[in-house]
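I opened this entry to look up a metal site and some ring contacts, and I note my criteria as I go.

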Amino acid sequence: MKADLHCHSYISDGLLAPAAVVRRAAANGVELLALTDHDETSGLDEAREAARALNLRFLNGVEISVTWRDSTIHIVGLGIDPDNAELGAGLATIRAGRDERAKKIAEGLAEIGIHGALEGAALHVKNANLIGRVHFARFLVKQKLARDVSSVFEHYLVRGKPGYVEHRWADLEQAVAWITAAGGIAVIAHPGRYNLSTNQRGHFYSAFKACGGGGIEVCYGTRNASQQQEAARVARKYGFAASCASDFHGVGESRADLGAISPLPEDLTPVWAGLM
Ligand code: AMP
Ligand code: MN
Ligand code: MN
Ligand code: MN
C-alpha cells in the first residue's frame, strides 16, 4: 500500500487547493492519502470528495501545533471526526493564538524596517482563519528580501531572528486528548526535526505514550536514512504504529513530493492498519 499520511493544502500553509493535492497524489500513485493541514480541518470535505471521485482511499487528518516543555512539536491526528466539538474548539483556540502571534511577527519585522508585513502576508493567505510563518516567508520572497522560503526562515523567522516570536501552542496532553476524543490516532510528526537532547527525547516519547499517543512517522519527507532508522527503533521500543509522510506543501517548497516516501520496514505495524 503506497500511503502518504501527511500533507498540506492552502487551507493552511500549502500552495494547492485540497482537491488539487488529492489529484496530484493520485497521479503520483498514492493509494491512501490523509490531508493534515495545520490546526485546521476545513479542507477535508473538499479533499474527501475529490478522493472519492478518483477512487483514492482517504483519511481525515490534522497536524496540531504543540508546546512540550519549551519546544514546538507537531502531532498529527489521523482518522479524526472533524465535526467533534472538543477537537474543533481546541483547534479554534490555536488559530486565535496564530492571529496574535502574526501581529507580533509583523511588529518584529517593522523594527528592522520591513513594514506592512501583516498585510503582505495576508495576500498569501487563502483561509482567513489560518495564518502562519510561511505566509510571511512568501511575502518576504516577493519583496526580494530573500531568495526562497527556506532562507526567509533562516534569516528572519527562526529563534534569535527579528520575526521570531516565542509562542505557546497546545499542551501535548490536550492535543492527544482532542485527537482521541475525535476517534483518531495521535502520531508524532517528523521526529528527527526537533532540537531535543537524547534524554529529552526519551522523556517526550514516554509522555506521548502515557497520554494515549499511538504512532510515529518513520518514513517522511527527508533523505535522512539515519533519522528514519532512529524513528523505526523508537516505534519498536515504545510499541508505536508507523506512518509514512511526505509533508508536501507545494512544488518548489517541499523536500518530498506527494507519495515520494520509502516503504516502511516490514516488521513495523502500519498506522493505517487500525484505521481501515
Ligand atoms: P508555523 O506553524 O506558522 O510556525 O510554521 C511552521 C511551518 O513553517 C512548517 O510547517 C513548515 O511548513 C514551515 N517551515 C518551518 N521551518 C522551515 C524552514 N526552515 N524552511 C522552510 N519552511 C519551514
Ligand atoms: Mn507547514
Ligand atoms: Mn510539521
Ligand atoms: Mn506538516
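I took as donors N, O and S atoms within 2.8 Å of the metal (3.2 Å for Na, K and Ca), and since water is not among the atoms, sites may look incomplete. For geometry, four donors count as tetrahedral if all angles lie between 85 and 135 degrees, four count as square planar and six as octahedral if opposite donors are over 155 degrees apart and all others between 65 and 115, and anything else is irregular.

I kept in mind that this is a predicted model, in which local features need pLDDT of at least 70 and side-chain atom pairs pLDDT 80 or more, while totals for chains, interfaces and linings use all residues. Residues are numbered from 1 along each chain as written, chains are lettered from A and ligands numbered from 1 in written order, and side-chain values use heavy atoms without hydrogens or water.

I looked up the manganese ion (ligand 2) and found its site irregular, with angles of 53 to 160 degrees among its six donor atoms. Its protein donors, Asp-13 (OD), Asp-13 (OD), His-38 (NE2) and His-249 (NE2), lie 2.2 to 2.7 Å from it.

I then turned to the rings, which pair if their centres lie within 6.5 Å and count as stacked with planes under 30 degrees apart (Trp by its six-membered ring). I found six aromatic pairs; one of them, Phe-204 with Phe-208, is stacked at 6.2 Å centre to centre and 25 degrees between the planes.

Technical notes. Rings of Phe, Tyr and Trp (its six-membered ring) pair if their centres lie within 6.5 Å; planes under 30 degrees apart count as stacked, over 60 as edge-to-face and the rest as tilted.
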